[in-house]
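I opened this notebook to keep track of what I looked up, one entry at a time. The entries follow the order in which I went through the loops, helices and record notes.

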Amino acid sequence: MRLTVHPAALALGGRYRPPGDKSVSHRAAILGGLAGGETEIHGFLDSADTRATLGAMQQLGARVEESGGVIRIRGGSLKPPAGPLDLGNSGTGIRLLAGALAGHPDLQGAAIELVGDESLSRRPMARIIEPLARMGARIQSRDGRAPLVIEPSKLTGRRHTLSVASAQVKSAILLAGLFAEGETVVVEPGVSRDHTERMLPAFGVGLHDGEPGVAVSGGQVLSGTRIKVPGDLSSAAFALAAGLLVGGSAIQLEGIGLNPTRSGFVDIVRHMGAQVAIEGDRTDGGEPLGRLTVEGSALAGIDIAPEQVPLAIDEFPLIMALAAAAEGVTRIRGASELRVKESDRIAVMCRELARLGVAVEELDDGAVVTGGPVRGGEVDSHGDHRVAMSLAVLALVAEAPVTIDNAEWIETSYPGFVEDIRALGAEMVWE
Ligand SMILES: O=C(O)C1=C[C@@H](OP(=O)(O)O)[C@@H](O)[C@H](O)C1
Ligand SMILES: C=C(OP(=O)(O)O)C(=O)O
């Protein structure tokens, strides 16, 4: 489907509340399925990715009921699924599930196939297969890519030192560690999002300091709990960026997850000159929440340091779009992980920004974007939800309408995106 975005004629404004956090929703579905008794999830993200994970847990025997926006999962005893588990477009779904199943005692003797779409089948899985194999996991792959066939087996805890800061790899190992004998430790080269560590205690699992790293002991019992999913800062970032770009705008964003391992985007745009006020009001289920107030702001290009990258990893397509509309040059380095997301986000954003007349230079591990006028025209999402939404937001300040081809991929993480941005006063039309 094609989405046409018209340049904003008027300032944007109003109150905005994002959908539930994608990372937290995946974890709640998986842990709810592993835990005995009932888990109640409030604010679960209704998107293609998180539905795929929830569906996989159902196929593994978890009982799922939904009513009044609340999802109830009765888990604790799993069975081999009747067919392959399809994780669609979701890197988080396939990697975390692989970890959770690798040593699951109910599934030993089975062979479970995890599959995904074309994009997911191109993404690297050796980063989880290798550490899990060192614990004794049996996982076959197509040359380090999905489909994966897991034969759950007895695992032994190990100490792992990761070469990339990745919450998916860390979480896959910790979930495998729940069913391993002894202690499993993960040491990362930088900070990655810590939702798994924050959620496990709610299910009755203790984590401890791995001196260094984070450690979990195997054999702990998971018990159902109540999870309140915070609003997704990675989705709210699009509304925030729209407010920054369109002159005179004023938007209040409420119920936003402000976990410090996720909020790098706010620091980066403030450094670019964004007027964003933060009020942190409470912590719910171990996750900090708050309100952001954003105003239309004149942005300036900056240098983004490699250590800032993991804290805003999913916001880089949007940061590149903002850089295109900023005054001066933005340099992004240390971001080669962007090449193994739903698309090669460095190559794709450079190509699509260039189609709108933006001066970009592609680097191995980042890009140099020089701000300037943005032309109208036609661009493509390359099957990547964040690329589609980033280009849609930038189009609000283009000289003429922009049409985004293959924009239906927005469903991956944020089905309500167009409606929510329209509610702030933008003009976006599906064709
Ligand atoms: O653990 C998670 O929920 C996620 C971790 C990140 O991936 P990596 O672990 O590959 O960096 C991020 O890009 C993804 O959207 C969600
Ligand atoms: C990279 C992303 O997700 P995943 O790795 O779960 O596919 C994302 O949502 O931007």
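**Entry 1. A loop between two strands.** I started with Asp143, which sits in the loop between S8 and S9. What I was looking at is a predicted model. Asp143 is not a glycine, yet I found its phi to be positive, about 60°. Is Asp143 buried or exposed? I counted 6 C-beta neighbours inside 10 Å, and Asp143 therefore counts as exposed, the limit for that being 12 or fewer.

I stayed in this loop for Pro147, which is found between strand S8 (138-141) and strand S9 (148-151). The peptide bond that leads from Ala146 into Pro147 is cis, and its omega is near 0°.

**Entry 2. Another cis bond.** I then looked up the bond from Glu211 to Pro212, which is cis with omega near 0°. I placed Pro212 in the loop between strand S14 (207-209) and strand S15 (214-217).

**Entry 3. Another positive phi.** His382, a residue other than glycine, has a positive phi, near 55°. I found His382 in the loop that runs between strand S24 (377-380) and helix H11 (385-394). Is His382 buried or exposed? Its C-beta neighbours inside 10 Å number 20, so His382 counts as buried, for which 20 or more are needed.

**Entry 4. What the record says.** I turned to UniProt, where an unreviewed entry lists residues 12-420 as "domain: Enolpyruvate transferase". In the model, I noted that the end C-alpha atoms of residues 12-420 lie 12 Å apart. That span is 29% helix and 26% strand.

The unreviewed UniProt entry also lists Asp314 under "active site". Where is Asp314 placed? I found Asp314 in the loop between strand S20 (303-304) and helix H9 (316-325). Asp314 has 24 other C-beta atoms within 10 Å and is therefore buried. Leaving out residues up to four places away in sequence, I listed Ser234 and Arg386 as the residues that Asp314 touches.

**Entry 5. H1 against H3.** Next I took up helix packing. Two packed helices are described by the angle between their axes and by the distance between those axes. For helix H1 (residues 22-34) and helix H3 (residues 91-102), the axes come within 10 Å and cross at roughly 30°. Angles under 35 degrees count as roughly parallel, so I wrote down H1 and H3 as roughly parallel to each other. The crossing in which H1 passes H3 is right-handed.

Which residues make the contact? On H1 I listed Ser23, His26, Ile30 and Leu34. On H3 I listed Thr92, Gly93, Leu96, Leu97 and Ala100. Sorted by type, the residues of this contact of H1 with H3 come to five nonpolar, four polar and no charged.

**Entry 6. H4 against H5.** H4 passes H5 in a right-handed crossing. From H4, the contact takes in Arg127, Ile128, Pro131 and Leu132. From H5, it takes in Val169, Ala172, Ile173 and Ala176. I sorted the residues of the contact of H4 with H5 into seven nonpolar, no polar and one charged.

I then checked burial along H5. How many of the 11 residues of H5 are buried? The count is 11 of the 11, so H5 is largely enclosed by the rest of the structure. Among the buried residues of H5 I noted Gln168, Lys170 and Ser171, as well as Leu174 and Leu175.

**Entry 7. A glycine in a loop.** My last stop was Gly273, in the loop between helix H8 (264-271) and strand S18 (275-284). Gly273 has 15 other C-beta atoms within 10 Å, and I recorded it as partly exposed. Not counting residues up to four places away in sequence, Gly273 touches Ser297, Ala298, Leu299 and Ala300.

Notes: Residues numbered from 1 in each chain as written. Chains lettered and ligands numbered in written order. Predicted model: local features only at pLDDT ≥ 70, side-chain atom pairs only at ≥ 80, totals over all residues. UniProt positions renumbered as here; feature names shortened; annotations may be inferred. Helix = DSSP H or I, 4+ residues; strand = E, 2+ residues; numbered from the N terminus. Contact = placed C-beta atoms within 7 Å. Axes fitted to C-alpha atoms, helices over the stretch in contact; angles between N-to-C directions. Parallel < 35°, antiparallel > 145°, perpendicular 65-115°, else oblique. Left-handed = near helix turned anticlockwise from the far one by under 90°. Nonpolar A, V, L, I, M, F, W, Y, C, P; charged D, E, K, R; others polar.
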